[in-house]
Structure formats: C-alpha cells, structure tokens
Amino acid sequence: MPLTREQIKRVENTIKESIRKKFQTYKPETNHMPFHYRLLGHDRMALFSFIHSLNTTFGTSIFEPVAETLASLNVTLAQKQYVVGDTISELAQTEIQRIMNELTIGNSPNKIDEIARIRKVCTKGTMNKLKTVKVDLFVKSNNGDVHLFDLKTAKPNISNFKDFKRTLLEWIAIFLSRNPNANVHSYIAIPYNPYEPKPYERWTLKGMLDFDNELKVANEFWDFLGGERAYSELLDCFERAGIELRPEIDEYFNKFR
C-alpha cells in the first residue's frame, strides 16, 4: 500500500531533521592538508570530510530515525535504541553456545528451531546480570509479534558474522527472560544493496544466518517496515529532501571558501 501524502511528509521531515542535526553537531577535521586545500579548496575538503563523517554514522543518524518513523506509521510501537533487557538465563547462554558450535561444524541455521530451543530454557537456572542491552530498532506489530533489528553497513565485515549471529540469539534470550511467551524475532538489516542491480552476495553470510528468518536487505527491510513499495517511495523521499536541503548545504559549506 503506497504511503499517504501525510506519511511521506513525516518521513521527509525526519530525513531533513536528521541532516540538520548532523550539521549542528559536526566539527570539520582540523588536520592541516595544504596540498589538498590548494588543489580542491577548503569548501570541497570540508564537504568531503562531512560526507565521510556522515557515512560513518549513517546508521545511527539517518537510517535509525527514518526506520523508526516509517515503521511507526503501521505498527503498535517502533523505537530506536530500545532497551531490550539486562538479564539472561545461564542455561540459555549454554544453549546458545551449543547452537554456535553446531553451526561452526556445518549444521544449517534454522532460526525457528533455535528460538524454540532458547525458549525452553529462557527462565531456568541462574539469571545472569548484563550491562543494559539495546537494539537498533524495536518493532511491535499490531498482532503483538516483536521484531528486533541490528542495522549494519551495506558491506559488513564477513569475519564478524559469527558475532552477529550470537548477538541475535542473545537478544532473543534476553527478551524471553522477561517475556517467555512472546513471539519474538531478531534480524540483521542491511539498508541497501551495494551490488545492485546484481543480487546481494548472500553467500558471504552462508552458514551462520537463516536467510528467510534472520536477514533483510534493502527493499526486504524497508517494505517490511512500511509496506509494499515503501523502499522505492523512501528513495524518492531522500531525493526530495536532498533537493530542498541543497541551499542550506551550499550555504553551510560556503563558510569554508
């Protein structure tokens, strides 16, 4: 279902507010680069530095608030940086380690089965205290299902996927320790496909993630939050917001001429 005009306005306002907030907190690098400055100009170097800084924090400063706004149009609750809990069952930790060991020796991931195994022990044994655990995005659907998202860069470090998997399982265990009957899911979310028009190179994730139940890339993620065609409409929102912000961006970087 396409976004309404009012919903589009809310999403675009979130994008613009996020960029303006980034400008307010951004401090250009102070490294002295005399050759670069003379060749390209201070304003272009400042813009380059800003873009680099924005790329580094795009997930938290742009994608998270936009995802929160988009999801909130359709669900009971959507919240970025949501505190999922601070306790986990010792038996759940043991079960998670057992699952990780099985995946390491070649067993195929099956998130539905893994959640069922964790649920059986989520409140049993010693409850270990953790530092407060937050998820990038918490979504509670209208039917009561809970979805926990870990937003990653478009090309996450392959060597870290074992850690990503463990994190997703621990989130399930932490949430179930307080809500043992909840229908809860956890995912890696990758906001766009850097290989487009080619498919995302899922083979790099093979062996750890259950693609059907644990990974959402580009339109799979945004359409899940906002409904059919949300991804394409979101790209249009970014384009319109960028056009509207252009005079403000130009004015800001003119200070560095």
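Of the 257 residues of the protein chain, 45% count as buried. The model described here is a predicted one. Its chain holds nine helices and five strands, and from the N terminus on these elements follow the order α-α-α-β-α-α-β-β-α-β-α-β-α-α. Along its principal axes, the C-alpha trace spans about 65 × 45 × 40 Å. The accessible surface comes to about 14,300 Å², and 51% of that surface belongs to carbon and sulfur atoms. Among contacts between residues at least 6 apart in sequence, 77% join residues at least 24 apart.

The largest nonpolar core has 74 residues, and the members that touch the most others are I118, F149, F221, W222 and L225. Helix α6, residues 161–178, gives the most to this core, with ten residues. This helix has 18 residues and reaches 27 Å from its first C-alpha to its last, close to the 26 Å expected at 1.5 Å a residue. The buried residues of α6 include F161, F164, L168, L169, W171, I172, F175 and L176. K165 and S177 also belong to the buried residues of this helix.

L70 is placed in helix α3, which covers residues 42–72. Because its relative accessibility is 0%, and buried means under 20%, L70 counts as buried. With residues up to four places away in sequence not counted, L70 touches L3, V11, W222, L225, G226 and A230. The C-alpha atoms of L70 and G226 are separated by 5.6 Å, although the two residues are 156 residues apart along the chain.

Strand β1 (residues 77–89) pairs with strand β2 (residues 127–140) in the antiparallel sense, over ten bridges. In this pairing, Q79 stands opposite F138 of β2. Strand β2 also pairs with strand β3 (residues 146–151), again in the antiparallel sense, over four bridges. Here V139 stands opposite H147 of β3. The hairpin of β2 and β3 has five residues between the strands, and in this hairpin G144 takes a positive phi near 95 degrees.

E114 lies in helix α5, residues 111–121. Is E114 buried or exposed? Its relative accessible area is 3%, and so E114 is buried. The side chain of E114 makes a polar contact with the side chain of K165, at 2.8 Å. K165 is itself among the buried residues of α6. Apart from residues up to four places away in sequence, E114 touches I99, L103, P109, K165, L169 and E214. Two of these partners, K165 and L169, are listed among the buried residues of α6.

Notes. Residues numbered from 1 in each chain as written. Predicted model: local features only at pLDDT ≥ 70, side-chain atom pairs only at ≥ 80, totals over all residues. Heavy atoms only, no water. Core = buried A, V, L, I, M, F, W, Y, C linked by side-chain atoms within 4.5 Å. Buried < 20%, exposed > 50% of the residue type's maximum accessible area, 1.4 Å probe, protein only. Helix = DSSP H or I, 4+ residues; strand = E, 2+ residues; numbered from the N terminus. Expected span 1.5 Å × (residues − 1). Contact = heavy atoms within 4.5 Å. Pairing = 2+ DSSP bridges. Polar contact = N/O pair within 3.5 Å; in protein donor to acceptor, adjacent residues only side chain to side chain. Areas by Shrake-Rupley, 256 points an atom, 1.4 Å probe, with all protein chains shown as cover.
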